[in-house]
Amino acid sequence: MNATTTALSSEQLMQLEDKYGAHNYHPLPVVLAKGDGVYVWDVEGKRYYDFLSAYSAVNQGHCHPAIIGAMIEQAQTLTLTSRAFFNDTLGVYEKYVTEYFGFDKVLPMNTGAEAVETAIKLCRKWAYEKKGINENDAKIIVCDGNFHGRTTTIISFSNDPDANKNFGPFTPGFIRIPYDDIEALEKALQTENVAGFLVEPIQGEAGVYVPQEDFLANARALCTKYNTLFIADEVQTGIARTGSLLAVCGNCTCENKCEKQASYAQPDILILGKALSGGVYPVSAVLANDEIMMVIKPGQHGSTFGGNPIAAKVAVAALDVVTNEQLALNARRLGEIFRKEMQRIIDTTDLVVKVRGKGLLNAIIVNDTPDSATAWNLCVQLKENGLLAKPTHGNIIRFAPPLVMNEEQLMECVAIIEKTIRAFKK
Ligand SMILES: *Cc1c(COP(=O)(O)O)cnc(C)c1O
């Protein structure tokens, strides 16, 4: 068999993954071969609306020509120098991205988990060298239901048994509190040796939990009060997904640097990934001001691929798209329509009980237990009807289309969802 020229069927391709790949995912039975904007196509040529956007990595739409163009051009010129030498793209990107998000400095990495690890290391080092905590005593507050990635340290503070069962021993130094609980946060901040509070502004993986309106701003203020770093993991919520450039921007609608309204919860450390590249390349970043970032000295942290020339060019192009196409505003507007339409459907069905979310990061709650197959089966039917989404935590279905969607397309998707729900038999 010639793997490069023989066209394999979806069935054959799924069998290959099953036989030769580790079983660390459980994909919906669809094999994708092409993407363009809000659409993907399977091997047999059937077109679908993508309502997952690769976990919000593809906010700018599949294969955006401006991003792909930047990548191709750079790939033909210079791909990797390592940080042993300077190159002619990194500094330009660093200036662009720090001005874009309003921080002094950026530390470039590749994946979201690496960026979270970087933020943890940065926070600890700051605690010992600036806050005066005794070495090895620093604690970082995290939340129940958190998802920050898959490394050994990150799963050490997860309370999802799938994430950490039989992966111990675990990294110490974390205190877990309930999400969206400002009193619990203040209590934890009053314990000794707290260095930081690491939080998702909206919990995506957990099932799209949106905190109370003032939670982030209050958490920010408390972190200031207790001289503790407020660390926002915006790997999934950032880059226009929730209807503003960052979820910590609150209700600010500016497409670029935040105007710092009252609702703005400026993080001390901002973690980005996923859509920072528009989903074409692994690019992540940690942003902070000098008093924090400068605790890291040469040789103390890094990554061979972090900040490579392709990543630098791709990230600039991806952020340009967000600004030029006003994706935050579009996400906000379409999100409001989407939740209103979902509520209309919910009001007349027993199958779905709730819709929640912000911008175009939304979820519906299926009226069954988390261990039932109802949400999965509903997603299979949605797939049959031309829309791809996946359950999270059993009975929750996340809906997160690319932000380049227009209203007409959104209404077509609403019609698919409505038709599927109405025809669904448990
Ligand atoms: C996806 C995600 C990560 C991890 O990113 P990877 O690129 O998969 O390592 C971290 N934090 C949040 C909030 C995420 O959604």
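A: Let us begin with two strands. Strand E12 and strand E15 (residues 396-399) run antiparallel and are joined by four bridges. Two strands are said to pair if DSSP finds at least two bridges between them. Helices (H or I, at least four residues) and strands (E, at least two) are DSSP runs, numbered from the N terminus.

Q: What should I know about the model itself?

A: This is a predicted model, in which local features need pLDDT of at least 70, side-chain atom pairs count only at pLDDT 80 or more, and totals for chains, interfaces and linings use all residues. Residues are numbered from 1 along each chain as its sequence is written, and side-chain values use heavy atoms, with hydrogens and water left out.

Q: Which residue of E15 is the bridge partner of Asn-362?

A: The partner of Asn-362 is Phe-399.

Q: Which other strand pairs with E12, and over how many bridges?

A: Strand E11 (residues 352-358) pairs with E12 in the antiparallel sense, over six bridges. Within this pairing, Lys-354 has Ile-365 of E12 as its bridge partner. The two strands form a hairpin with two residues between them, and Gly-359 in the turn has a positive phi of about 55°.

Q: Is strand E12 mostly covered or uncovered?

A: A residue is buried when its relative accessible area is under 20%, exposed when it is over 50%, and partly exposed in between (1.4 Å probe, protein chains only). In E12 (residues 361-366), six of the six residues are buried, so the strand is mostly covered. Leu-361, Ala-363 and Ile-365 point one way, Asn-362, Ile-364 and Val-366 point the other way, and all are buried.

Q: Where is Asp-268 found, and is it buried or exposed?

A: Asp-268 lies in the loop between strand E8 (229-233) and strand E9 (269-272). Its relative accessible area is 18%, and therefore Asp-268 is buried.

Q: Which residues does Asp-268 touch?

A: Contact means heavy atoms within 4.5 Å. Leaving aside residues up to four places away in sequence, Asp-268 touches several residues, including Phe-103, Arg-220, Phe-230 and Asn-289. Phe-230 is 38 residues from Asp-268 along the chain, yet their C-alpha atoms are separated by 5.2 Å.

Q: How many helices and strands does the whole chain have, and what share of its residues is buried?

A: The chain has 14 helices and 15 strands. Of its 426 residues, 55% count as buried. Among contacts between residues at least 6 apart in sequence, 72% join residues at least 24 apart.
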